[in-house]
Every structure is written in C-alpha cells, then in structure tokens.
Amino acid sequence: MSAILVVNSGSSSFKYQLIEMTTEEVLASGLVERIGDETGHSKHSNGQGSTELDLPIRDHSQGFQVMLEAFRANGPSLDEHPPVAVGHRVVHGGKRFFEATVVTELVKINIQDLAELAPLHNPANLQGIEAAQKAFPAVPHVAVFDTAFHSTLSPAAYTYAIDKELAERHRVRRYGFHGTSHKFVSEAAAEFLGRPLGDTKTIVLHLGNGASACAVSDGKSVETSMGMTPLEGLVMGTRSGDLDPAVLFHLHRKTGQSFDDLDTLLNRGSGILGLSGHGDMRDMVAAANAGDVDSQAALDVYLHRLKQYVGAYAAHLGRLDAIVFTAGVGENTPLIRAGALEGLGILGIEIDEERNASPERGPRLISTDASRVAVLVIPTNEELEIARQTLAVI
Ligand SMILES: Nc1ncnc2c1ncn2[C@@H]1O[C@H](COP(=O)(O)OP(=O)(O)O)[C@@H](O)[C@H]1O
Ligand SMILES: CC(=O)OP(=O)(O)O
Ligand SMILES: [Mg+2]
C-alpha cells in the first residue's frame with residue numbers, strides 16, 4: 001500500500017486528495033473553501049458518499065485541521081492508509097525550481113522569498129506545507145511548482161522589453177503558471193488522439209477562476225499567457241488579465257489610489273467581477289441569459305481576449321492538432337467554448353454544436369469530423385499529476 005496525500009492550496013481555499021498510487025484510486029477527496037470569510041465551507045468525499053460542513057475557517061492551518069477531522073469522522077482512516085508522502089502545489093518557483101522538489105527548510109525559505117511575485121498564492125502554499133509537516137512529520141513533503149512546465153519557454157517568449165539589467169536584478173520576466181495542469185492536459189490530449197506527444201501541437205485553455213492559455217509544441221510549453229505573476233493574459237474571475245501598464249499610472253494620478261490599492265483592484269476586483277458584478281462564471285452566464293446587459297458585455301470581452309490568444313498561439317505553433325478546454329469554466333460551459341472558437345474556420349476549427357452541448361463528463365471530442373483541428377474537453381487533474389511527480393521524487 002502506498003497512498004499519497006495531495007494538498008492544493010489556493011488563496012482562499014484548498015483542495016485535497018488521498019490517492020492509492022498502485023492503482024491511482026482516489027480514496028478520498030475534498031475541498032475547504034472561503035478560508036478567512038465569516039462563512040467557511042468544507043466538503044469531504046470518499047467511496048461511500050460525501051459530507052459537507054459550514055463553519056468559519058480562520059486560515060489554512062485551521063483548514064488543514066478541518067480536513068483531518070473529516071478523515072477521522074468519515075474515513076477512510078489515515079491510520080489504515082498512512083500517506084507515504086505529501087505532495088503540495090506551489091504556485092511560484094521562480095528560476096530556482098524547475099522540477100518537483102523535496103521540501104527542506106531551505107526550500108521553504110525560497111518559497112517565502114518568491115511570495116513577492118505571487119502574493120495571493122505562495123503564502124497560502126507555505127501555510128499548507130507547514131500544517132501538513134506538523135501532522136505528518138515522518139514522511140517526505142514534495143513541492144510541485146506551477147511554473148516548472150514553462151521552463152522550456154525561449155528567451156524571446158519570456159523576455160519583457162524593458163531595461164535588461166533592471167529586469168534581471170528584480171527577476172522580471174514571464175514565468176507562466178498552471179503548468180501542472182497544462183502538462184497533464186496536453187499529454188492526455190495526445191493520448192486521446194493516439195498521436196505521439198513528440199509530434200503534437202496543442203493549445204490548452206485552462207479556464208478556472210484563474211485562467212491561462214498555453215501553446216504546447218511536441219510536449220513542451222513554448223508560450224503561455226500568464227507572466228511574471230498570475231495576473232497577465234486572459235480575463236479571469238477577479239483578475240483583469242492584459243492591460244496597458246499606463247492605465248496604472250493614469251489611475252494613480254487621477255484617483256490617488258496607492259499601488260497596493262491598484263494591486264488589489266486588478267487582482268481581486270477586476271475580470272468578470274469588475275465588469276459584471278459576478279466573479280463566478282455560473283452566476284454571470286445565468287445573468288447574461290436573463291438579459292443583464294453588463295454580463296453580456298463582459299462575456300464579449302472574455303471571449304474576444306480568448307480568441308485573440310488562440311490566433312496568436314496558432315501562429316507560434318505553425319500547425320495545430322488540438323485545442324483543449326479544461327478547468328471549471330472550460331469543462332462546464334458550452335457557451336464559452338463555442339464563443340471562443342466562433343468564426344475560426346479560417347484556422348480549420350469547426351465545433352459540433354451537439355457534441356459541445358452534451359453533458360457528458362470525461363475526455364471528449366467536440367469538433368466536427370470535418371474539422372482539421374480536434375477540439376477537446378479534457379478534465380484537468382492537478383492532484384493526480386502532483387501525486388505522480390511526488391512518487392517519482394521519493
Ligand atoms: N458546472 C459549471 N458550469 C459553469 N461554470 C462552472 C461550473 N463549475 C464550475 N464553474 C466555474 O469554474 C470556475 C472555477 O473553476 P476552478 O477550476 O475550480 O477554479 P480554481 O481552481 O481557480 O478555483 C468558477 O468561475 C465557476 O463558476
Ligand atoms: C496560478 C493561478 O492563478 O492559480 P489559480 O487559478 O488556482 O488561482
Ligand atoms: Mg485552479
């Protein structure tokens with residue numbers, strides 16, 4: 001028996017899975033969300049069913065205790081399935097970590113040091129690691145970095161055109177994120193199509209709360225839309241994505257808002273939330289369908305940006321075998337998939353309406369048989385990918 005516990009800490013939530021690695025069977029999975037709010041929520045599922053709990057959760061350490069209690073109360077017993085290792089999602093690995101890494105004190109110092117480049121994510125990741133180390137002191141803890149898969153970006157792709165020395169001194173460059181998901185999904189796409197990974201050109205659209213696009217050429221990330229931080233690129237739940245940097249100077253001068261205020265504005269108060277008042281795509285689509293004008297306009301902005309990246313990445317790849325939609329929005333929203341690729345017959349992309357609307361889960365094809373490019377929906381599984389990489393390291 002060798003079970004691995006995976007902890008995926010987000011800024012205000014964390015997801016976990018206990019996976020038996022001999023079979024890759026998920027023994028339990030769960031979610032602790034709205035950490036730091038007055039109304040916290042947790043959900044724990046095992047082979048028998050799931051249990052939910054509403055209670056305020058102060059921070060990630062307490063969230064971790066809520067998870068342990070859910071295991072105690074509902075099983076499976078962690079004494080009967082003791083994890084042989086714990087795998088942790090860490091968002092920013094900077095230029096230091098290009099591979100899954102066993103967590104040492106020095107590694108933790110580095111993760112802390114990189115928090116200035118991912119203030120919403122790295123501190124939460126670190127809290128998760130510390131709580132897990134306290135609960136499981138005898139097993140190895142492994143950090144799997146979102147940035148790692150993008151270590152193959154060329155200098156042309158990762159360099160911002162600003163003063164070279166200044167950029168180097170302050171670590172200013174594109175790093176890219178969601179790499180664990182882009183890797184898992186692009187590999188699954190090649191497998192689905194029965195193509196060798198080493199000869200497959202794919203655009204992955206990871207559309208969750210955070211969202212990013214990635215051009216994957218023969219198994220390697222060659223371009224991705226998130227940059228030095230997870231703020232650049234696509235329109236997201238609460239993040240603006242691309243914008244003229246001069247907007248910040250203008251707002252600072254006009255409104256007197258500090259750079260911290262503007263940081264909060266762009267990271268937490270923008271995206272579809274800023275445009276429509278709804279940060280959750282389900283709510284925004286429902287409002288748009290009910291005729292809400294702001295939500296309809298926000299949808300247009302979201303899709304316009306998405307289409308732009310598809311076109312740009314097709315140009316970089318030179319040939320396109322597949323476009324893959326994944327994560328919460330990508331897996332569940334036919335309207336977004338159809339809208340993003342509408343009119344892209346010029347690239348050989350043709351969605352099949354019926355296939356796209358099917359409520360089926362699991363990896364599936366949603367393009368027509370005549371479409372030159374295969375359009376796929378592939379559920380991401382960052383936790384399984386983290387568990388596999390954790391097992392490989394230990
Ligand atoms: N069934 C669904 N239909 C439409 N959107 C969904 C559905 N389920 C989740 N989403 C959307 O997915 C987003 C969250 O995606 P997720 O991948 O869980 O994000 P994250 O990992 O960043 O928290 C939210 O905007 C949510 O509205
Ligand atoms: C890196 C990032 O944006 O992650 P998430 O989508 O989980 O917020
Ligand atoms: Mg996510």
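Biologist: Is E382 buried or exposed?
Modeller: This is a predicted model, and E382 belongs to helix α15 in it. A residue is buried if 20 or more other C-beta atoms lie within 10 Å of its own. E382 has 24 other C-beta atoms within 10 Å, so the residue is buried.

Biologist: Which residues does E382 touch, not counting residues up to four places away in sequence?
Modeller: E382 is one of the residues that the UniProt annotation "binding site" covers, in an unreviewed entry. Not counting residues up to four places away in sequence, E382 touches N8, R89, T180, S181 and F184.

Biologist: Which residue does the UniProt annotation "binding site" cover together with E382, and what is the largest C-alpha distance?
Modeller: The annotation, from an unreviewed entry, covers N8 and E382. Although they are spread over 375 residues of sequence, they cluster in space.

Biologist: Why does N8 count as buried?
Modeller: N8 lies in strand β1. Leaving aside neighbours within four places in sequence, the contacts of N8 are F14, K15, Y16, R89, E382 and E383. The limit for a buried residue is 20 or more other C-beta atoms within 10 Å. N8 counts as buried because its C-beta neighbours inside 10 Å number 21.

Biologist: In which strand is R89 found, and how many C-beta neighbours does R89 have inside 10 Å?
Modeller: UniProt places the feature "binding site" at R89, again in an unreviewed entry. Among the contacts of R89, leaving aside neighbours within four places in sequence, are N8, N125, T180 and E382. The strand is β6. R89 counts as buried, because its C-beta neighbours inside 10 Å number 25.

Biologist: What is the order of the strands in the open sheet of 8 strands, and which strands stand at its edges?
Modeller: The pairing in this sheet is mixed, and the order is β5-β4-β3-β2-β1-β6-β8-β7. Each edge strand has a single partner strand, so one side of each is left without a neighbour in the sheet. The strands at the edges are β5 (49-54) and β7 (101-102).

Biologist: How many bridges join β7 to strand β8, and which residue stands opposite V102?
Modeller: Strands β7 and β8 (residues 141-145) run antiparallel and are joined by 2 bridges. The residue opposite V102 in β8 is V142.

Biologist: What angle does the direction of helix α3 make with that of β6, and at what angle does helix α15 run to β1?
Modeller: Helix α3 (residues 122-135) packs on the sheet and touches β1, β2, β6 and β8. Helix α15 (residues 382-393) lies across β1, β2, β6, β7 and β8. The direction of α3 makes about 170° with that of β6, and α15 runs to β1 at about 125°.

Biologist: Which strands are the edge strands of the open sheet formed by 6 strands?
Modeller: The order in this sheet is β11-β10-β9-β12-β14-β13, with mixed pairing. An edge strand here pairs on one side only. The edge strands are β11 (220-224) and β13 (364-365).

Biologist: Which element gives the largest share of the shell around ligand 1?
Modeller: Of the 13 residues around ligand 1, G208, N209, M281, G328 and N332 come nearest. The elements that give two or more residues to the shell are α10 (281-289) and α12 (327-332). The shell divides into 3 nonpolar, 8 polar and 2 charged residues. The largest share, 4 residues, comes from α12.

Technical notes
Residues numbered from 1 in each chain as written. Chains lettered and ligands numbered in written order. Predicted model: local features only at pLDDT ≥ 70, side-chain atom pairs only at ≥ 80, totals over all residues. Pairing = 2+ DSSP bridges. Contact = placed C-beta atoms within 7 Å. Axes fitted to C-alpha atoms, helices over the stretch in contact; angles between N-to-C directions. UniProt positions renumbered as here; feature names shortened; annotations may be inferred. Buried ≥ 20, exposed ≤ 12 C-beta atoms within 10 Å, placed from the backbone. Near = placed C-beta within 6 Å. Nonpolar A, V, L, I, M, F, W, Y, C, P; charged D, E, K, R; others polar.
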